[in-house]
Amino acid sequence: METPDHATENPAEASGATGIAAQDWATAAADPQYRAAVVDLLGALAYGELAAFERLAEDAKLAPTLGDKAELAKMAAAEFHHFEQLNRRLTEVDEDPTAAMEPFAKALDDFHRQTAPSDWLEGLVKAYVGDSIASDFYREVAARLDTDTRSLVLSVLDDTGHGNFAVEKVRAAIEADPRVGGRLALWARRLMGEALSQAQRVVADRDALSTMLVGGVADGFDLAEVGRMFSRITEAHTKRMAALGLAA
């Protein structure tokens with residue numbers, strides 16, 4: 001996954017870490033509810049990275065040139081490396097990676113099935129817009145995690161290079177045929193709605209995760225802050241649409 005321009009500000013970093021965000025894993029994990037929330041988070045991230053790897057490999061089949069195909073293959077490899085990091089971490093904390101991922105598989109599979117791109121350009125926009133929305137969400141959550149887990153989460157959200165690649169290709173396509181812009185703008189708006197709905201469903205279905213977000217575990221993350229978080233994610237989406245040359 002990636003957040004190409006890291007457009008959302010990390011509120012905990014801006015204000016200084018306190019509470020759990022200032023603890024290491026060994027200390028924070030003594031709280032069983034916090035531990036459960038982190039296992040859920042890592043499981044969701046791990047399956048997301050595995051799905052991203054599979055999707056990029058599929059998208060490579062639509063690539064118009066060998067160079068484009070090779071670029072997507074390189075990005076797919078980076079996503080799989082991120083998956084391996086998360087898989088290894090879950091094993092290190094005595095959790096079964098498959099069991100941790102299982103609760104999130106259907107929701108993510110449904111999202112990808114409902115937003116299957118019809119062509120190369122839609123695939124690029126999906127990777128740039130859809131993955132970035134997810135990354136912004138996880139980056140926000142990471143601000144309230146223990147130091148060890150936060151470091152891991154931020155490392156797997158590093159840019160795989162898809163952002164700049166997608167912007168370059170999409171802007172070139174729009175320049176060649178301006179009509180493409182309208183179709184892709186509608187597609188990106190649909191992706192935004194589906195991604196946010198999917199994120200909300202996943203959180204609502206997992207008690208530990210939802211408690212973390214509304215402040216039962218993580219310090220200071222109340223319902224008002226959740227609203228502000230989604231506002232920041234929406235603002236970042238608008239900026240990325242502009243980078244693509246699309247209207248939000």
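Colleague: Which residue does aspartate 119 form a salt bridge with, and how far apart are the closest N and O atoms?
Modeller: Aspartate 119 pairs with arginine 183, and their closest N and O atoms are 3.1 Å apart; a salt bridge here is a side-chain nitrogen of Lys or Arg within 4 Å of a carboxyl oxygen of Asp or Glu. Please keep in mind that this is a predicted model, in which local features need pLDDT of at least 70 and side-chain atom pairs count only at pLDDT 80 or more, while totals for chains, interfaces and linings use all residues. Residues are numbered from 1 along each chain as its sequence is written, and side-chain values use heavy atoms, with hydrogens and water left out.

Colleague: Where do those two sit in the chain?
Modeller: Aspartate 119 is in the loop between helix H5 (97-114) and H6, whereas arginine 183 belongs to helix H9 (residues 179-205), so the pair links distant parts of the chain, 64 residues apart; helices are DSSP runs of H or I with at least four residues, numbered from the N terminus.

Colleague: Is glutamate 140 buried or exposed?
Modeller: Glutamate 140 is buried, because its relative accessible area is 1%, where buried means under 20%, exposed over 50% and partly exposed in between, with a 1.4 Å probe and protein chains only. Glutamate 140 forms a salt bridge with arginine 232, with 2.8 Å between the closest N and O atoms, and this pair joins helix H6 to helix H11 (residues 223-244) across 92 residues.

Colleague: What about lysine 239?
Modeller: Lysine 239 forms a salt bridge with glutamate 235, the closest N and O atoms being 3.9 Å apart, and both lie in helix H11, four residues apart, or about one turn of the helix. Lysine 239 is partly exposed at 44% relative accessible area, and glutamate 235 is partly exposed at 47%.

Colleague: How many salt bridges are there in the whole structure?
Modeller: The search finds 14, and Lys106, Asp110 and Arg113 are linked in a network of salt bridges.

Colleague: Changing topic, at what angle do H6 and H7 pack?
Modeller: H6 (residues 120-142) and H7 (residues 147-156) pack at about 165°, with axes 9 Å apart, and the two are therefore roughly antiparallel, a label for angles over 145 degrees. Axes are lines fitted to C-alpha atoms over the stretch in contact, and angles run from 0 to 180 degrees between N-to-C directions.

Colleague: Which residues make the contact?
Modeller: Tyr138, Arg139 and Ala142 of H6 meet Arg150, Val153 and Leu154 of H7, contact meaning heavy atoms within 4.5 Å.

Note on methods
Parallel < 35°, antiparallel > 145°, perpendicular 65-115°, else oblique.
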